Protein chains: 2
Amino acid sequence: MNIPRLSCPRVVIIGGGFAGISLAKKLSKHDVQVVLLDKHNYHTFQPLLYQVSTGGLEPDSIAYPIRKILKDFSNCSFRLANVLEINTEKRKLITNIGKIKYDYLVLATGSETNFFGNKTIEENSMVMKTIPQSLNLRSLILENFEEALLTSDLNERLALMNFVIVGAGPTGVELAGALAEIKKGILPKDYPDLDTRMAQINLVQSGDRVLKEMTIQASEKAEGFLEKLGVNVWKNVCVTGYDGKTATTDKEITFETATLVWAAGVKGATIKGVEAKEFLAKGNRIIVNEFSQVKGIDNIFAVGDVACMESEEFPRGYPMMAQPAIQQGQQLGDNLVRLLENEPLKPFEYKDKGSMATIGRNKAVVDLKNIRFQGVFAWFVWMFVHLFFLIGFRNRVVVFVNWVYNYIRFDREARLIIRPYKKRNKQFINHL
Amino acid sequence: MNIPRLSCPRVVIIGGGFAGISLAKKLSKHDVQVVLLDKHNYHTFQPLLYQVSTGGLEPDSIAYPIRKILKDFSNCSFRLANVLEINTEKRKLITNIGKIKYDYLVLATGSETNFFGNKTIEENSMVMKTIPQSLNLRSLILENFEEALLTSDLNERLALMNFVIVGAGPTGVELAGALAEIKKGILPKDYPDLDTRMAQINLVQSGDRVLKEMTIQASEKAEGFLEKLGVNVWKNVCVTGYDGKTATTDKEITFETATLVWAAGVKGATIKGVEAKEFLAKGNRIIVNEFSQVKGIDNIFAVGDVACMESEEFPRGYPMMAQPAIQQGQQLGDNLVRLLENEPLKPFEYKDKGSMATIGRNKAVVDLKNIRFQGVFAWFVWMFVHLFFLIGFRNRVVVFVNWVYNYIRFDREARLIIRPYKKRNKQFINHL
């Protein structure tokens, strides 16, 4: 891979998400060589992807060049690479751009969509885990409305304006809320020839409440907000298939829809070499001890979504969210330094900073350790926290400007089909 | 096409560029039905495309949803459509979404890249006329540097860092300047492992001066600015072929380069039905009279880049720039109203508002009617004028924030490979 070997130990980090970046930062002042690999040249702020999909933000505002993050860390190198396999015996990685040796390896590969083996859903649904995926969803939503204008078949038109979001975690709830606001504020102006009141937003959930990772109080309030916005919330309904036209469920309900967004599950993004059953917990996450060490391999670690670190409070591993990832990355950084200095490692201690979700304008729910609140204040807290965690001063300013504008004008201006997305053949069209 | 016919005459406009939009605005308060067709759902502010290519701006900041522009004009409909053919006898258009009848037709289709029949250049070069094309160029530039890191072949590395821009009009000059600034300010930080001093920016021009549409004073000053920035300016050199590796010229010079940007010519974007030789002037532009009427067809008009309206000052038609397009669109709007009211038409009179180009930080050249100036003040004027003509308040604020940030920090943060562009197979890769 053409990276000269330094005399100090080499730590290779796979993944430039929250965990990988916070780890690299921790190691930047120490006597180790850090090589960060990612298949994108940017860090993605995933919590705001739904705003890219719904035209509220531009993609570049919630992404940040990894090279720029690392530029002041003279011991860190970045390579744009897709890791294909880990050879744990020879301590090397096989990637699309060549091989690389490591002394210590950290898997910070995050998570990917879990379709639970359902092929029809995998083939026909939209997902929202990366920026290109979010842009595809944006394009599809807009293309559907353009198409709805053209058809004289009422059923087809209804299906084109019917959105089914499966999974009522933060992603599903936030997307549903944003679509409901678009339906109310933007569609009637953009499509005067179309009866946009017929547009439907369905949020389908197999469990008995939305935002099930949060408190019941937050769930109930969020559901109330969603209903106020006109979202149809379906509980205890499990979507069982989707052929691109009809979504079937385990109940008698079916949905005729041109857009099914699958936000119902994620799984660890593992890599060949640590994929054997012995390494994995439920949800494809790699089992690690309290020092983030992969079971049975001393020099390989996993942090963030891909790691399953069991604890008393979270017997199935910490939630797959930004906070545990950031904290595990930082902790592992400190521990790697201790390891190199032959000091005893410290076990991971999770500081629960709470969780939050926004449903729409002035509507959010916040669970902190000792206090819960919902509504306008929660919404401001949500915005402040997200601006704070966004990387880059320019990004913060641009996102802030967009939010202020969108708030005052009830608008979302980034509704452009930059790359048309044709769902039929699952390909981007070279539309120059 | 499912657009109900109103009792008033129907004007169909093809193209939502400067000319088409200014025409639609003029007609919005009159008793005509306006149907605007475009193959994108957004208006593109072309003069700033080079900043998207070079990571200075995000694509959504220089584009604007056409539906949003038209939303207050109750007599205007928009359709996302690609016009395939004009049937001038039956007064109807054939498009990819169906047929549409017109009473009056306005071609505002703009221009497209002119390769002058050179197939090798067409197949292997990059162009910058649309937002997707600009994003492709951005991706390719960044991908080249990532690739340059990997190769141990010095010639290959040099070719990956060698940029050849053909054509020294505003697009070529502005792109060359921006690349030179990136080379100086960003590459050394982003690629510490790479000797980025070896990166070359070549601006190749068949004529004997850059910016040949401007005054000699502006040309000379611009060339000085370019040289100060380290751009190699080649004059009287004509690029004759490019196989993806080597660019040949009519002189003894050849360039080994992985990136050739073709900005050496444009031609009118005509449509089947008005493509016969009798309609066309040099550069594929449709010949129109002083009322923008197409020769021999009373109810078809052409405005902007695609129209060749001869005048004393411009015997080969007005320059293919924003100003003539905007003014012709407005003028035609007034004339169509006159036509419907059986009043005599007024011939087009061009108000030359001058021209300008920016080369880099504090470096621009401005030619106004009675005054010419260059340097810092010209640069501020350039920025002010471009912000002023940008559509949308949000866009102006976001672009302004970006420019201030880029100016203070010597930075361009939108250097993200959102859609990898693989030149080899000329396809976007579905890189999820």
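Two strands count as paired when DSSP finds at least two bridges between them. Keep that in mind as you click around this predicted model.

**Stop 1**

Select L203(B) first. On one side, L203(B) stands opposite V233(B), which belongs to strand 13 of chain B. I165(B) also stands opposite L203(B). Now widen your selection to the strands themselves. Strand 12 of chain B pairs with strand 13 (residues 232-234) of chain B in the parallel sense, over three bridges. To get from strand 12 of chain B to strand 13 of chain B, follow the chain through helix 9 (residues 216-229) of chain B; this β-α-β crossover is right-handed.

Is strand 12 of chain B enclosed or open? Four of the five residues in this strand (residues 200-204) are buried, so the rest of the structure largely encloses it.

While you have strands on screen, here's a handy rule: in a regular strand, the side chains alternate between the two faces of the sheet.

**Stop 1: a helix in chain A**

Jump to residues 131-150 of chain A, which make up helix 5. Its 20 residues reach 29 Å from the first C-alpha to the last, close to the 28 Å expected at 1.5 Å a residue. Of its 20 residues, 18 are buried, so helix 5 of chain A is largely enclosed by the rest of the structure.

**Stop 2: where the chains meet**

Colour chain A and chain B separately. In this interface, 59 residues of chain A are in contact with 59 residues of chain B. The area buried between chain A and chain B is about 5,900 Å², and carbon and sulfur atoms give 54% of that.

Pick E146(B) and R67(A) to see a salt bridge, 2.8 Å from N to O. E146(B) sits in helix 5 (residues 131-150) of chain B and R67(A) in helix 3 (residues 66-70) of chain A, so this pair joins two chains. E146(B) counts as buried at 5% relative accessibility, and R67(A) counts as buried at 7%.

Next, show the side chains of K68(B) and D411(A), which meet in a salt bridge of 2.0 Å, N to O.

**Stop 3: salt bridges within a chain**

Go to E223(A) and K235(A), a salt bridge whose closest N and O atoms are 2.9 Å apart. This pair links distant parts of the chain, twelve residues apart: E223(A) is in helix 9 (residues 216-228) of chain A, and K235(A) is in the loop between strand 13 (232-234) and strand 14 (239-242) of chain A. Check how open each one is: E223(A) is buried, with a relative accessible area of 13%, whereas K235(A) is partly exposed at 31%.

Finish with K119(B) and E122(B), whose closest N and O atoms are 3.8 Å apart in a salt bridge. Both lie in helix 4 (residues 119-124) of chain B, three residues apart, about one turn of the helix. Here K119(B) is exposed at 54% relative accessibility, and E122(B) is partly exposed at 36%.

How values were computed
Residues are numbered from 1 along each chain as its sequence is written. Chains are lettered from A and ligands numbered from 1 in the order in which they are written. This is a predicted model: local features need pLDDT of at least 70, side-chain atom pairs count only at pLDDT 80 or more; totals for chains, interfaces and linings use all residues. Side-chain values use heavy atoms; hydrogens and water are left out. The expected span of a helix is 1.5 Å times one less than its number of residues. Buried means under 20% relative accessible area, exposed over 50%, partly exposed in between (1.4 Å probe, protein chains only). A crossover is right-handed if, with the strands pointing away from the viewer, the path from the first strand over the helix to the second runs clockwise. Contact means heavy atoms within 4.5 Å. Buried area is the accessible area (1.4 Å probe) that two parts lose on being put together, summed over both. A salt bridge is a side-chain nitrogen of Lys or Arg within 4 Å of a carboxyl oxygen of Asp or Glu.
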